[in-house]
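User: I am new to reading protein structures. Can you take me through one, feature by feature?

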Amino acid sequence: MFLVNSDCGMQSANRLRSCFALGCLCLLTGVGSGAKGQVLKLPTTVVEGSGLLTSAGQVQLSSVALSNITFALNSSSPALLAVPSTVTVTAGNSNAAFDLTVSDDSVYEDPRIVVISAEAAGYAVVSNTVMVVDNDAHHFGFSYVSSPQDTANPFNVTITAQDAGGAIV
């Protein structure tokens, strides 16, 4: 999980940019927090087309809320990864879960990063990223066909849909 907020500054952004430039996946763990210690927890990776991921996101406070605190949620790409408009940490609790909805299309794309943010009155904006990996075929692979083959005789061929790395989709 890579947590970005107003306290992280350019050092974290540069580390993330450098990591992607090298082609690796940044799965940095750490707890960054807003001015009052809130944390936004999200899955690091989701698969396109997963649909509704119940209670997959969570706003967590550093202490119990004395009254209801409503956080506005925002997605940098709501057509790809949608979140509800708000989530409320109710009085007496220190966290609130919310659903994520991962859409699908039939076009192959490279993995995409979506930024989810949460903010409430009196709290700094806190953000986190989710990588959405594609579930569509990049290309098709064909099994080996021994040679020679006669046009009058049937033979077996296996065709598989594969991602860019050759894994079967």
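User: Which strand is Ile 159 found in?

Analyst: Ile 159 is found in strand β12, residues 159-162. Strands are DSSP runs of E, at least two residues, numbered from the N terminus. This is a predicted model: local features need pLDDT of at least 70, side-chain atom pairs count only at pLDDT 80 or more, and totals for chains, interfaces and linings use all residues. Residues are numbered from 1 along each chain as its sequence is written, and side-chain values use heavy atoms, leaving out hydrogens and water.

User: In what order do the strands of the open sheet lie?

Analyst: Strands of a sheet pair through backbone hydrogen bonds, either parallel or antiparallel. Here 4 strands form an open sheet in the order β2-β4-β8-β6, with antiparallel pairing. Two strands pair if DSSP finds at least two bridges between them. The edge strands, β2 (39-41) and β6 (81-82), each pair on one side only.

User: How many bridges join β4 and β8?

Analyst: β4 (residues 51-60) and β8 (residues 95-102) pair over 7 bridges. Asn 95 in β8 is the bridge partner of Gln 60.

User: Is Ser 117 buried or exposed?

Analyst: Ser 117 is buried, at 16% relative accessible area. Buried means under 20%, exposed over 50%, partly exposed in between (1.4 Å probe, protein chains only). Ser 117 lies in strand β9, residues 112-119.

User: What does Ser 117 touch?

Analyst: Contact means heavy atoms within 4.5 Å. Not counting residues up to four places away in sequence, Ser 117 touches residues including Leu 40, Leu 73 and Val 126.
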